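Thanks for coming. I will go through one chain today, beginning with a single pair of side chains and ending with the overall picture.

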Amino acid sequence: MATTGNDDALGALAEVVRRSGVVEPTSCGVVLVSGGADSGCAAAGLARAVGPANVHALHVNYGLRRSADRDERICRDLCSRLRIDLHIERPRQLAGNLQAAARDKRYAAAEQLRARTGSNWIATGHTRSDLAETVLYRLAVSPGARALRGLPAQSGRVVRPLLELERGETRGLAVQAGLPFADDETNLDLDFARNRVRAQVLPALHELNPAAERNIAETQAELVEDAHLLERVVLEALEAAGAGAGASAIRADALDGTEPALRRLALRALAERATGRAVPLGRWRAAEIMRLAARPVGGGVDLGHGVRALCEHGLIRFVASSEADAAPEPASLRVPGSCRFGRWEVRAEVRPGPLEPAGPDLATLDAEALGEELLVRTWREGDRMRPLGMDGHKTLQDLFTDRGVPRSLRHHLPVVTAAGRVVWVAGVAVSEDFRLDPQAREVAVLTARVLD
């Protein structure tokens, strides 16, 4: 595959791959190759470290540049010399942001190839220079420490075994090893922000200190380590505050006296539990949430990306904006039977009497008075009922206020009606009009639970 003079460079690349710790010696995987020096070095180092038969190369030819066919030829030459399989993809069309669309297409194709070949990982040729550029770019455009933790050595199945090398080092090793490569002319286009960081910012930092890229990478590595520790500390703090696994709400006073950083990270963790995705939550928004939570009237804070924090009666909870704004559609409930109402399952059972009266979480009612079909809907302005044990009627709005029901929940609670009359508001009140007679032969038992 190479002359003896090339072996030192190839051996050095293999040793870098081994030291990275992201690729097991007996594993197999996919390496993305572009025709550049970095990806060529990744392919060569992997082929030497785990064996050519265990490496499948993927090149995606988008056909967007005049040099696209040249890059494909280089990849064919490279893989022929390394004796590794090469797979070519030629996407027909990319829409929207071309760079983002191309990246998505590339990783999607790599995942398909990984699954098809039974591989363990997907490797890229990212170097320490790429990591430094990413940190600097995100430092300028994305507030918060999390944004600076990009390009980890391993993210799921994606591995980056060359992060200890700078771009100049991979280029030198590629030349020494006799690997074919060509420069991507689009990297010279200063219309792209990342290219300006590469061409203007990093050189200026090198003038200040030749070890600038190494220092940036070491700082980023510390941020990653610190983040792992903080995640554990936050989980312990939430558990101690009564918001253990699965909780997406917390009493504001449970966070009183904690450090601002711990409060912010705890709130962010709850937001991400509620939405199932990463949520940016900076210092200003965290402070605003705590301020509103301390007010009797509460309020809401839009966190962006369709996420809101709702502060009511000292309770802080997080919801997707669509969940906060949209009320469930009415649903018919047979007796006996069950129905889905938004995130709720409402169930009506018929049991033989006598049965002890219950409520408001579990309603035991006169089955004969209810009839065979009920309607489950949301609260409407003007709704009234006579709560169990009271002489007069009250509006549901007054009941919600009296019982401390948060405003954001009022249009989501199941309100069960029979022939237009309110029978039961789940968790709030049972109607006196459908009171269970101790001598009733049949008892209707209504329950409601939130589905996962």
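Please find helix α8, residues 212-240, where both R232 and E236 sit, four residues apart, or about one turn of the helix. This is a predicted model, so everything I say about it is computed. The side chains of R232 and E236 form a salt bridge, with 3.3 Å from N to O. As background, side chains of opposite charge can pair when their charged atoms come close. Are these two buried or exposed, or something in between? R232 has a relative accessibility of 46%, so it counts as partly exposed. E236 is at 45% and also counts as partly exposed.

Now a pair from another place. R449 and E345 meet through their side chains in a salt bridge of 3.0 Å, N to O. Which parts of the chain does this pair link? R449 belongs to strand β21, residues 442-450, and E345 to strand β13, residues 344-352; they are 104 residues apart, so the pair links distant parts of the chain. R449 is partly exposed at 47% relative accessibility, whereas E345 is buried, with a relative accessible area of 19%. The cut-off for buried is under 20%, which is why E345 falls on that side.

R377 counts as buried, at 6% relative accessibility. D383 counts as buried too, at 10%. Elsewhere, salt bridges that share partners connect D38, D130, E133, R167 and R198 in one network. How many salt bridges does the structure hold? The number is 28. On charge overall, the chain carries 59 positive and 60 negative side chains, and the centres of the two sets are 3 Å apart.

Next, some backbone details. Most residues other than glycine have a negative phi, and most peptide bonds are trans. L151 has a positive phi, near 55 degrees, and is not a glycine. L151 lies in the loop between α5 (128-141) and β5 (154-155), and is buried, with a relative accessible area of 13%. A419 also has a positive phi, near 50 degrees. Its loop runs between β18 (415-418) and β19 (421-425). A419 counts as exposed, at 85% relative accessibility. As for peptide bonds, the one from V335 to P336 is cis, with omega near 0 degrees. P336 is in the loop between β11 (331-334) and β12 (337-341).

One more proline, P352, is in strand β13. P352 is exposed, with a relative accessible area of 65%. From P352 to L281 the C-alpha distance is 53 Å, although they are 71 residues apart in sequence.

Finally, the whole chain. How many helices and strands does it have? There are 14 helices and 21 strands. The radius of gyration is 31 Å, well over the 22 Å that the globule rule gives for 452 residues, so the chain is more spread out than a compact globule. Along its principal axes, the C-alpha trace spans about 100 × 45 × 40 Å. Of the 452 residues, 43% count as buried. Among contacts with a separation of 6 or more, 68% come from residues 24 or more positions apart. The chain exposes about 23,500 Å², and carbon and sulfur atoms supply 49% of that area.

How values were computed: Residues numbered from 1 in each chain as written. Predicted model: local features only at pLDDT ≥ 70, side-chain atom pairs only at ≥ 80, totals over all residues. Heavy atoms only, no water. Helix = DSSP H or I, 4+ residues; strand = E, 2+ residues; numbered from the N terminus. Rg over C-alpha atoms; globule rule 2.2 N^0.38 Å. Buried < 20%, exposed > 50% of the residue type's maximum accessible area, 1.4 Å probe, protein only. Contact = heavy atoms within 4.5 Å. Areas by Shrake-Rupley, 256 points an atom, 1.4 Å probe, with all protein chains shown as cover. Lys, Arg positive; Asp, Glu negative; His and termini not counted. Charge placed at Lys NZ, Arg CZ, Asp CG, Glu CD. Salt bridge = Lys/Arg side-chain N within 4 Å of Asp/Glu carboxyl O.
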